[in-house]
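Hi,

Here is the structure I promised to pass on. Have a look at it first, and my notes on what turned up follow below.

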Amino acid sequence: MKNLFSRFTDKRNHPVSRGAESPGKTKSPRSVLFLHQSYYQHYMLAAALRRRGWDAIQVSMEAPNSNDSWLYHGEDLNLYDPDPKAFRANVDRFFKEALERFDIVHFASNGYMAFHPEDFDNSMYRDRVPWDFIRLRERGVRIAFTTGGCYDGILQSSIARWTGGACNKCSYQNQPEICSDVKNAAWGAKILTYCDLISGEMVPTLDFLTSPKVCREPLTTALDDKFFSPDIEVPHQYDLRKSEGELIVFHAMANASRRDMRGESIKGSRFVIEAVERLKSEGMNVRLVYSTDVPSKDMRYIIVQADVVVDQLNLGWYGATGREAMMLGRPLICKVQLPGPEEPDRLSCLDECPAISATEDSIYAALKDILCSPGRRDELSMESRAYAQKWHSADACAARYEKIWDLVAAGVSPRQAGMSIGASYEASKSE
């Protein structure tokens, strides 16, 4: 811990003091702390920003063996210590460093607007004043947040109407401590109060996410395109051993035991299973690979062998499985709900998305069509990889992230900044 902590906190390695500079020191023009885990995306984005000259790190407070550790790919610095006193000392020390070192603190996870875990808002009845974030703002540090889903700033009743009833498929619908109008409204008001930028990541413009502070084009959902390469070598233990002519349909739902609700789920898993069984009964040589507990780092080995990947069929945008599938060059089926022409901020990313849009009612027809069209699958494989590199590669996200903050510093709202650079990837590649 000592060497790792020193590596990422020693000011001799990161001369970024926000106050008076010592002789011989130069202030880094760009610095960001990604606070808390966000799958692997902030971890990979921090690395890409460092390649652009930023002082950028991702910091975790979670125990290495936490219940969600299988979803992560690591961190630059972990402050956790099993001794509560030592843990608090680590966090206190790093917070003091953060006050001086970073221009931006960008955090993730609903209720996690705090450095100390005991200060998280992990209950609908608990709403602590984020004193550490207030201190950051007083020092001129800008605060950003990445939404993790539809409960980050949108009322449950609003998303239910927008999706046509998807909440009835969600196990969290009747768990008000996780998702409810009361809890979602309190959190939405809090992030709007204290954040300078909210990365909406394709979530619809509803309720608190109608704010000018919200950038909705992909900004932080970053994947390393070499790590998620279609050419990766599959380890023996993950070889699906396809028979001659066999077609593989891949579908996944993390923590399925908590999220499945008497056969109904937000991902529509039952309908995917039934569609594949129907196709098999019709004589098609097809197999469903359904994953719920493979470590996130290893999931790519299974996805890359699939002929088609099915993500969620109820919400209206793709998630982590969809991003990974496209980056690995796999055709994707997912419900993609485009806004109507009357909605002002239509997303370039969704307009360009090569995913085949399907719902629970149409998944059978969508699967049959694509599985019977090998040429179309090949086309979609190339289109998916190109799309994912444009919108979700870590380097593309880092370039977009840098431009967004430059525009915000010039007085442009995050919403307008996101819209103005929504399709600027080609220009950023040449820099």
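**Around Tyr401 and the cores**

Leaving aside residues up to four places away in sequence, Tyr401 touches Val32, Phe34, Leu45, Leu49, Trp54, Ile104, His106, Leu219 and Thr220. Keep in mind that this is a predicted model.

Tyr401 is also one of three residues, with Leu33 and Phe115, that touch the most other members of the largest nonpolar core, a set of 101 residues. The biggest contribution to this core comes from helix H14 (residues 394-409), which supplies seven residues. A separate core lies apart from that one: it has 21 residues, including Phe271, Val286, Val308 and Leu380.

**The chain as a whole**

The protein chain has 431 residues, and 55% of them count as buried. You'll find 16 helices and 11 strands in it. If you take the contacts with a separation of 6 or more, 71% are between residues 24 or more positions apart. The accessible surface comes to about 18300 Å², and carbon and sulfur atoms hold 50% of that.

Start with helix H2 (residues 41-51). Its buried residues are Gln41, His42, Met44, Leu45, Ala46, Ala48 and Leu49. Two of these, Leu45 and Leu49, are also on the list of residues that Tyr401 touches. In general, an α-helix has 3.6 residues a turn, so residues three or four places apart point the same way. The cover over the buried residues of H2 includes E1, strand E2 (55-60), E4, E5, helix H10 (320-327) and H14. Just after H2 comes Gly53, with a positive phi of about 100 degrees.

Then there is helix H4 (residues 131-138), where Asp132, Phe133, Ile134 and Leu136 are buried. What do the buried residues of H4 pack against? The partners are strand E1 (31-35), helix H3 (84-101), strand E4 (104-108), strand E5 (142-146) and helix H6 (181-194). H4, too, is followed by a glycine with a positive phi: Gly140, near 90 degrees.

Strand E10 (residues 308-310) runs parallel to E11, and two bridges join them. Across that pair, Val310 stands opposite Ile333 in E11. As a reminder, strands of a sheet pair through backbone hydrogen bonds, either parallel or antiparallel.

**Cysteines**

Cys372 is at 47%, which lies between 20% and 50%, so Cys372 counts as partly exposed.

**Where to be careful**

The average pLDDT of the protein chain is 88, and 86% of the residues score at least 70. Over residues 9-27, though, the pLDDT is below 50, and this stretch has 37 contacts in the model beyond near neighbours in sequence. The pLDDT also stays under 50 over residues 425-431, where the model has seven contacts beyond four places in sequence.

Cheers

How values were computed:
Residues numbered from 1 in each chain as written. Predicted model: local features only at pLDDT ≥ 70, side-chain atom pairs only at ≥ 80, totals over all residues. Heavy atoms only, no water. Helix = DSSP H or I, 4+ residues; strand = E, 2+ residues; numbered from the N terminus. Buried < 20%, exposed > 50% of the residue type's maximum accessible area, 1.4 Å probe, protein only. Contact = heavy atoms within 4.5 Å. Areas by Shrake-Rupley, 256 points an atom, 1.4 Å probe, with all protein chains shown as cover. Core = buried A, V, L, I, M, F, W, Y, C linked by side-chain atoms within 4.5 Å. Pairing = 2+ DSSP bridges. pLDDT = per-residue confidence, 0-100.
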